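Subject: Structure for your review

Dear colleague,

Please find below the structure that I am handing over to you.

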Amino acid sequence: QVQVVESGGGLVQAGGSLRLSCAASGRTFSSYDMGWFRQAPGKEREFVAGIAKSGSGTWYAESVKGRFTISRDNAKNTIFLQMNSLKPEDTDVYYCAAEVEPGAYEYWGQGTQVTVSS
């Protein structure tokens, strides 16, 4: 089993940058592809970015491609989301999770709030 804790959110002006971290516990962390998601109150959770268990492959939602970069450090059981050129529409609570089966994510954290002011 994996437990995750997200951090690094905050308030930033449009055009700014933030780096989110997701620290995971559990010896099986490196066995999972991992993903970042975001959700606003009253809206469905939206996929943002994913990374293969080895870090060799990454994939992104069209809305963030070219602006966000996902990475991982398996030695530190941590994944990251570097967010550049932030826009007000990026304002959301950001979560990380492990892909336990293709398309199925579990072990959600509590999320970290990102607010982008215009």
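A residue is called buried if its relative accessible area is under 20%, exposed if that area is over 50%, and partly exposed in between, with a 1.4 Å probe and protein chains only. At 15% relative accessibility, Tyr32 therefore counts as buried.

Please note that this is a predicted model, in which local features need pLDDT of at least 70 and side-chain atom pairs count only at pLDDT 80 or more, while totals for chains, interfaces and linings use all residues. Residues are numbered from 1 along each chain as its sequence is written, and side-chain values use heavy atoms, with hydrogens and water left out.

Strands (E, at least two residues) are DSSP runs, numbered from the N terminus, and two of them pair if DSSP finds at least two bridges between them. In general, strands of a sheet pair through backbone hydrogen bonds, either parallel or antiparallel. Four strands form an open sheet in the order S1-S3-S8-S7, and their pairing is antiparallel. At its edges are strand S1 (3–7) and strand S7 (68–73), each of which pairs on one side only. From one strand to the next, the twist averages 15 degrees, where axes are lines fitted to C-alpha atoms and angles run from 0 to 180 degrees between N-to-C directions. S7 and strand S8 (residues 78–83) run antiparallel and are joined by six bridges. Within S8, Ile79 stands opposite Arg72.

Strand S9 and its partners

Eight of the 10 residues of S9 are buried, so this strand is largely enclosed by the rest of the structure. Strand S4 (residues 33–39) runs antiparallel to S9, and seven bridges join the two. Asp33 stands opposite Glu99 of S9. S9 also pairs in the antiparallel sense with strand S11 (residues 112–117), over three bridges; here Tyr94 has Thr112 in S11 as its bridge partner. A further antiparallel pairing, again over three bridges, is that of S9 with strand S10 (residues 104–106). In this case Glu101 has Ala104 in S10 as its bridge partner. S9 and S10 form a hairpin with two residues between them, and Gly103 in the turn has a positive phi of about 80 degrees.

The disulfide

Which cysteines does the disulfide join? A disulfide is taken here as a pair of cysteine sulfur atoms within 2.5 Å, and the structure holds one. The disulfide joins Cys22 to Cys96, with an S to S distance of 1.9 Å. The link of Cys22 and Cys96 is right-handed, with 60 degrees about the S-S bond. Cys22 lies in strand S3 (residues 18–25) and Cys96 in strand S9 (residues 92–101), so that distant parts of the chain, 74 residues apart, are linked. Cys22 is buried at 0% relative accessibility, and Cys96 is buried with a relative accessible area of 0%.

The nonpolar core

A nonpolar core is a set of buried Ala, Val, Leu, Ile, Met, Phe, Trp, Tyr and Cys residues joined through side-chain atoms within 4.5 Å. The largest one has 27 residues, of which Met34, Trp36, Val48, Phe68, Leu81, Met83 and Tyr94 touch the most other members. Two or more residues of this core come from each of S3, S4, strand S5 (46–51), S7, S8, S9 and S11. S3 gives the most, with four residues.

Aromatic pairs and charges over rings

Rings of Phe, Tyr and Trp (its six-membered ring) pair if their centres lie within 6.5 Å; planes under 30 degrees apart count as stacked, over 60 as edge-to-face and the rest as tilted. The structure holds six aromatic pairs. In one of them, the rings of Tyr32 and Tyr107 have centres 6.0 Å apart and planes at 65 degrees, so the pair is edge-to-face. Tyr32 is in the loop between S3 and S4 and Tyr107 in the loop between S10 and S11, 75 residues apart. The pair of Phe37 and Phe47 is also edge-to-face, because the ring centres are 5.6 Å apart and the planes stand at 75 degrees. Phe37 is buried, with a relative accessible area of 8%, whereas Phe47 is partly exposed at 25% relative accessibility. Phe37, Phe47, Tyr95, Tyr105 and Trp108 form one aromatic cluster.

A charge sits over a ring if NZ of Lys or CZ of Arg is within 6 Å of the ring centre and within 35 degrees of the ring normal. The charged end of Arg45 sits over the ring of Tyr95, 4.5 Å from its centre. Likewise, the charged end of Arg19 sits over the ring of Phe80, 4.0 Å from its centre.
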